[in-house]
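Subject: Structure handover

Hello,

Here is the structure for your files. My notes on it follow below.

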Amino acid sequence: MCETNYNENMNFSKLKNMYIFRIKLKNITPIHVGGNSEDSVTSKNPIMRVSENENPFIPGSTLKGLMRSASERLAHLFFDREPCYLDGDKACAPHKNVKIEEKIKEIEQKEDRKISEEKIYNLYYDELCPICRTYGGGSIASKVKFEHIVFPANTLTNIREGIQIDRDTGTVKGNRFYTYEYILPNYEFEMVITAENMTEENLKVLALALAQLQGNQIRIGGMLARGLGQIEFISGTVKIYDFSKKENKNAIIQTLLGKDTPTENKTLTEFLEKVL
Ligand SMILES: [Zn+2]
């Protein structure tokens, strides 16, 4: 997913809460996560690896893109505002909003001092669609981070042959044979998502995607029309850390000292039932 507007610098530094999701999944059909999109098949389409001939992996950015799309699909259930889908000119771009710049100047003149970073952040944040508020967009950083999924070095892969069909005529395009590599089925892997400073709205946005993951509605990678990328949910948990209350200070210090002390532990089902 292209995120050219994404600026890591624009983030709000006060940590109020943190959620760590661990979701165990299994691929029930082969997975192909390659560097090329399905529409740009070349003659050889290897899967992505950490480095050449090493562990197959699925980049966190790929997972984030999948989950973002899943949230977009159902956002209308909760929000009046249409997602921007990061679609060209329609994409949220509060940093290009002259009104906000004028508002900042106005406040600074009135208060006769520089407006705080936090206030600037909030002015920009308020302009975003619910999806961008959660997954990032328009110079506001994502609140959710996806770790790469790295498969074991001995993961079995195979190579399949395909023929590129011309979509207009339905005939084989010239001599367009190609091959693609895939990970064999039945590998268990874990999706780890860390979310920070989540509001109720952010939690709903993320939960919309997590529910589809739990319901086996999300597929991973390319060659989906050939049945690849089907995954099965095995289990999911979430650790919740509430840093907003002073009475949680001791638990936070314990966590910082290496003795993990979440404010709450939930199964993914419990979390989804509460949020949705
Ligand atoms: Zn948006």
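N55 sits in the loop that runs between β2 (44-45) and β3 (57-58); helices (H or I, at least four residues) and strands (E, at least two) are DSSP runs, numbered from the N terminus. This is a predicted model, where local features need pLDDT of at least 70 and side-chain atom pairs pLDDT 80 or more, while totals for chains, interfaces and linings use all residues. Residues are numbered from 1 along each chain as its sequence is written, and side-chain values use heavy atoms, with hydrogens and water left out.

Leaving aside residues up to four places away in sequence, N55 touches M48, R49, V50, V150, F151, P152 and A153 (contact means heavy atoms within 4.5 Å). The N55 side chain also reaches the backbone oxygen of F151, at 3.0 Å.

Zinc site: the protein donors are C84 (SG), C92 (SG), C129 (SG) and C132 (SG), 2.3 Å from the ion. Donors are N, O and S atoms within 2.8 Å of the metal (3.2 Å for Na, K and Ca); water is not among the atoms, so sites may look incomplete. The 4 donor atoms subtend angles of 101 to 118 degrees, so the arrangement is tetrahedral (four donors, all angles between 85 and 135 degrees). The donor residues follow the spacing C-x7-C-x36-C-x2-C. C92, in the loop between α1 and α2 (98-111), and C132, in helix α4 (residues 130-135), are 40 residues apart and link distant parts of the chain.

Regards

Conventions
Polar contact = N/O pair within 3.5 Å; in protein donor to acceptor, adjacent residues only side chain to side chain. Tetrahedral: all angles 85-135°; square planar, octahedral: opposite > 155°, others 65-115°.
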